[in-house]
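Open the structure in your viewer and keep the selection tool ready. Each stop below names what to pick next and what is found there.

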Amino acid sequence: MSAHIGIFYGSDTGCTEEITHDLVNYWDSSEVKVIECNQLKKEDFETFDFLILGLSTWYDGDLQSDWEDFFDDFKTIDFTGKTVAIYGLGDQVGYAEYFVDGIGILAEVIIENGGDVIGEWSTEGYEFTESKAIKSEGYFYGLALDEDNESDLSAERLERWVKEVKHSFSEIKEKNLINV
């Protein structure tokens, strides 16, 4: 069986890379292909029906540098028929008004370009003032992690989120096989 889930991530300091390695450990390795954002091409998005995107938010709501460099191309991708989950890192204390903005920035483009974003995550337990990652009241578009202030909660949050995303991917896959 070949990989059918693309995991694309960008990491400047290694924190998002480390989280990505942890995430991959929860999947059957034959199911996933991991590509660092600095190696991404638009065509990579066409290869997979299921995508998981990882990034951090920097400073005043900026995308991680590799995602920032790729963003003009990202905005032109047709996400029709694609199911995407997003995880992001941020600092809810030092940058409370921009907490995990990168999740929302990517999610908005995916939705605008015809994709489905799954893997919403409760905002309960977080202390921030604003975020572009808010999908609806009480929920982020994806998994929010704060390695600066709550790294002790990351493993449990990641494991729970991965189970939910796996379940959603399985349901979508089964539904699509039935409809074929």
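One term first: a residue is buried when its relative accessible area is under 20%, exposed when it is over 50%, and partly exposed in between. The model on screen is predicted.

**Stop 1**

Select Glu150. Is Glu150 buried or exposed? Its relative accessible area is 14%, under the 20% limit, so Glu150 is buried.

**Stop 2: helix α5**

Show helix α5, residues 151–179. Pick Glu159 and Lys163 on it. They sit 4 residues apart, about one turn of the helix. Their side chains meet in a salt bridge, at 4.0 Å from N to O. Glu159 is partly exposed, with a relative accessible area of 33%. Lys163 reaches 56% and counts as exposed.

**Stop 3: Glu120 and Lys135**

Move to Glu120, in the loop between β6 (116–118) and β7 (121–122). Which residue does Glu120 pair with in a salt bridge? The partner is Lys135, with the closest N and O atoms 3.2 Å apart. Lys135 belongs to strand β8, residues 134–136. The pair therefore ties together parts that are 15 residues apart in sequence. Check the surface here. Glu120 is partly exposed at 32% relative accessible area, and Lys135 is partly exposed at 39%.

Side chains of opposite charge can pair when their charged atoms come close.

**Stop 4: the cysteines**

A disulfide needs the two sulfur atoms within 2.5 Å. The structure holds 0 disulfides. Compare the surroundings as well. Cys15 is partly exposed, at 34% relative accessible area. Cys37 is buried, at 3%.

**Stop 5: the largest pocket**

Rolling a probe the size of a water molecule over the atoms shows where empty space is left. The largest pocket holds about 320 Å³ of space. Its lining has 18 residues, and the closest to its centre are Ser56, Thr57, Trp58, Gly90 and Asp148. Select these five to find the spot.

Next, colour α1 (15–25) and β3 (50–58). Each supplies at least two residues of the lining. Which element gives the largest share of the lining? It is β3, with 3 residues. By type, the lining divides into 8 nonpolar, 6 polar and 4 charged residues.

**Stop 6: Asp60**

Finish at Asp60, in the loop between β3 and β4 (62–63). What is Asp60 in contact with, leaving aside its neighbours within four places in sequence? Show Tyr95 and Tyr98: Asp60 is in contact with both.

Definitions and conventions. Residues are numbered from 1 along each chain as its sequence is written. This is a predicted model: local features need pLDDT of at least 70, side-chain atom pairs count only at pLDDT 80 or more; totals for chains, interfaces and linings use all residues. Side-chain values use heavy atoms; hydrogens and water are left out. On a 1 Å grid over the protein atoms alone, a cavity is a set of points where a 1.4 Å probe fits but cannot get out, and a pocket is an open set with protein on both sides within 12 Å along at least five of seven lines; lining residues have an atom within 4 Å of a point. Grid points are joined across faces, edges and corners, and a volume is the space filled by probe spheres set on the points. Ala, Val, Leu, Ile, Met, Phe, Trp, Tyr, Cys and Pro count as nonpolar, Asp, Glu, Lys and Arg as charged, and the others, Gly among them, as polar. Buried means under 20% relative accessible area, exposed over 50%, partly exposed in between (1.4 Å probe, protein chains only). Contact means heavy atoms within 4.5 Å.
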